Amino acid sequence: MKISVFGTGYVGLATGVAFAEMGNDVCCVDVDASKIAQLQDGRSTIYEPGLDALLAKNIQAGRLMFTTKAAEAVTRSQLLFIAVGTPPNADGSADLTSVLTVAETIAEYMDDYKVVINKSTVPVGTFLKVKSRITEILLQHKKKIDFDVCSNPEFLREGMAIEDCLKPSRVIVGVDSEKVAQLMRDLYGPFLKSGNPFIVMDPSSSEMTKYAANAMLAAKISLMNEFSRVCEKIGADIESVREGLGADPRIGPEYLFAGIGYGGSCFPKDVRGLVHVGETHGEKMEILCAVERVNASQGERFFRTVETLFSKNLQAKKIAVWGASFKPGTDDLREAPAMSFLEKLLSAGADVKVFDPAAAEGAKKALAGKGHVEFSKDQYSCLEMAEALVILTEWESFRAPDFQRMKSSMQAPLIIDGRNIYIPAKVKAEGFEYISVGRPT
């Protein structure tokens with residue numbers, strides 16, 4: 001199939017590469033000329049495991065191309081994906097400016113039947129807005145061209161986006177036409193050979209499903225963080241509680257990890273977005289409001305823990321930090337709890353050294369001028385003369401370090417773990433004081 005994807009961020013680029021990998025003829029289009037030039041050279045603009053190799057492979061095979069020319073992208077393909085950002089407005093609603101701008105562009109250059117497929121995360125009713133905007137532009141240009149719109153929400157995890165694209169747990173399409181449903185079945189058939197479901201529903205339900213899925217996952221995280229607070233007070237171990245809960249098939253083991261809270265480009269935005277949708281229709285989302293409050297306070301709580309260990313005086317204290325991205329496997333810093341924590345450390349006057357294997361450059365720019373911060377070339381040099389190590393992102397390379405090498409570099413053998421990646425008894429046996437979240441000290 002001939003496919004064009006508007007937007008080359010996480011969703012657009014991963015989606016385009018995955019479609020090309022399955023043998024489709026794919027064109028990715030973006031207004032950012034420098035980004036397109038880099039992609040044309042086979043160099044990814046984002047850090048995503050497995051992406052670079054597939055990008056180069058499919059460009060060389062002639063199945064994947066990049067352009068800034070929207071007209072070319074529209075006229076060459078029948079299936080046109082919208083995969084642009086929908087950042088939050090001040091009131092929590094989604095900014096649909098980019099989505100509707102792409103819809104207008106498609107209508108302007110449309111010359112025959114097209115299916116416009118929205119993969120951006122959008123509130124309920126966007127399907128109708130896109131359809132209405134395309135119809136309006138076609139009328140302005142006095143074009144009589146048939147088209148359809150489809151809602152096809154993405155469920156990608158940053159750090160695992162390629163795997164999720166190539167082996168989706170489910171594919172959901174929101175349509176008002178069986179013709180479009182069949183086209184989408186044909187497109188996604190090769191991705192669902194293992195029998196994972198292809199689910200057809202009305203457009204409003206598909207848009208709601210995306211918000212609801214992220215809200216449910218965010219709620220699990222905040223609930224575990226609340227459990228961890230009680231565990232700290234009563235001497236229970238949140239990791240044991242997590243194991244017991246995860247063994248219940250009604251609950252499952254995913255997203256049950258206590259820590260410093262969720263972040264990234266999806267959960268915070270989508271929880272706020274769904275709260276706004278509810279308020280707009282006269283329904284207060286009580287549980288989701290609590291999810292937001294718990295998440296916001298979890299980072300504050302962890303910072304107070306660190307502050308208390310230094311008698312509430314972090315001025316000139318030498319603190320090593322492992323991790324800046326909001327999760328491992330990505331360089332994404334958007335709403336990263338680690339970045340909020342680093343800003344608090346710097347505001348308190350701490351002397352901070354940071355190591356992150358992927359997000360260092362972005363973090364360096366974001367923290368410029370905010371205090372005394374250095375970025376280390378590796379995780380061990382980060383520890384030199386440190387009075388404490390704070391772990392904020394659970395990168396794989398942090399999980400089995402050389403503890404004695406760490407200890408020999410540090411002024412004080414203190415690890416404050418915001419992601420619970422170590423077994424307390426083992427770390428203490430190595431001679432460290434070890435503080436984690438929701439576990440006995």
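**Exercise 1. The lining of the largest cavity**

Task: In this predicted model, determine how many nonpolar, polar and charged residues line the largest cavity, and state which helix gives the most to that lining.

Solution. 
Step 1. List the lining: Asn118, Ser120, Thr121, Val122, Ser151, Pro153, Ser206, Glu207 and Lys210.
Step 2. Sort by class. The lining has two nonpolar, five polar and two charged residues. Val and Pro count as nonpolar, while Glu and Lys count as charged.
Step 3. Assign the lining to elements. Helix H9, which spans residues 203-234, gives the most, with three residues.
Step 4. The structure holds one cavity of 30 Å³ or more.

**Exercise 2. The second largest pocket**

Task: Describe the second largest pocket by its volume, its lining residues and their classes.

Solution. 
Step 1. The volume of the second largest pocket is about 860 Å³.
Step 2. Its lining is made up of 37 residues, and those nearest the centre are Gly9, Ala83, Val84, Gly85 and Thr86.
Step 3. H5 gives the most, with four residues.
Step 4. By class, the lining comprises 14 nonpolar, 14 polar and nine charged residues.

**Exercise 3. A residue of helix H1**

Task: Decide whether Thr15 is buried or exposed, and name its contacts beyond its neighbours within four places in sequence.

Solution. 
Step 1. Locate Thr15, which has its place in helix H1.
Step 2. Apply the cut-off: buried means under 20% relative accessible area. Thr15 has 4% relative accessibility and therefore counts as buried.
Step 3. With the neighbours within four places left aside, Thr15 is in contact with Lys119, Leu156 and Cys165.

**Exercise 4. Aromatic rings**

Task: Classify the pair formed by Phe403 and Tyr422, and explain why this pair ties together parts that are apart in sequence.

Solution. 
Step 1. The structure holds 14 aromatic pairs. One of them joins Phe403 and Tyr422, with 5.2 Å centre to centre and 75° between the planes.
Step 2. Planes over 60 degrees apart count as edge-to-face, and the pair is of this kind.
Step 3. Phe403 lies in helix H15 (residues 403-409), and Tyr422 in the loop between strand S13 (414-417) and helix H16 (424-429); the pair therefore ties together parts 19 residues apart in sequence.
Step 4. Both Phe403 and Tyr422 are buried.
Step 5. Elsewhere, ring pairs link Phe19, Phe81, Tyr188 and Phe191 into a cluster.
Step 6. Charges also sit over rings. The charged end of Arg170 is 3.7 Å from the ring centre of Phe155, and Lys179 lies over the face of Tyr113, 3.7 Å from the ring centre.

Terms used: Residues are numbered from 1 along each chain as its sequence is written. This is a predicted model: local features need pLDDT of at least 70, side-chain atom pairs count only at pLDDT 80 or more; totals for chains, interfaces and linings use all residues. Side-chain values use heavy atoms; hydrogens and water are left out. On a 1 Å grid over the protein atoms alone, a cavity is a set of points where a 1.4 Å probe fits but cannot get out, and a pocket is an open set with protein on both sides within 12 Å along at least five of seven lines; lining residues have an atom within 4 Å of a point. Grid points are joined across faces, edges and corners, and a volume is the space filled by probe spheres set on the points. Helices (H or I, at least four residues) and strands (E, at least two) are DSSP runs, numbered from the N terminus. Rings of Phe, Tyr and Trp (its six-membered ring) pair if their centres lie within 6.5 Å; planes under 30 degrees apart count as stacked, over 60 as edge-to-face and the rest as tilted. Buried means under 20% relative accessible area, exposed over 50%, partly exposed in between (1.4 Å probe, protein chains only). A charge sits over a ring if NZ of Lys or CZ of Arg is within 6 Å of the ring centre and within 35 degrees of the ring normal. Contact means heavy atoms within 4.5 Å.
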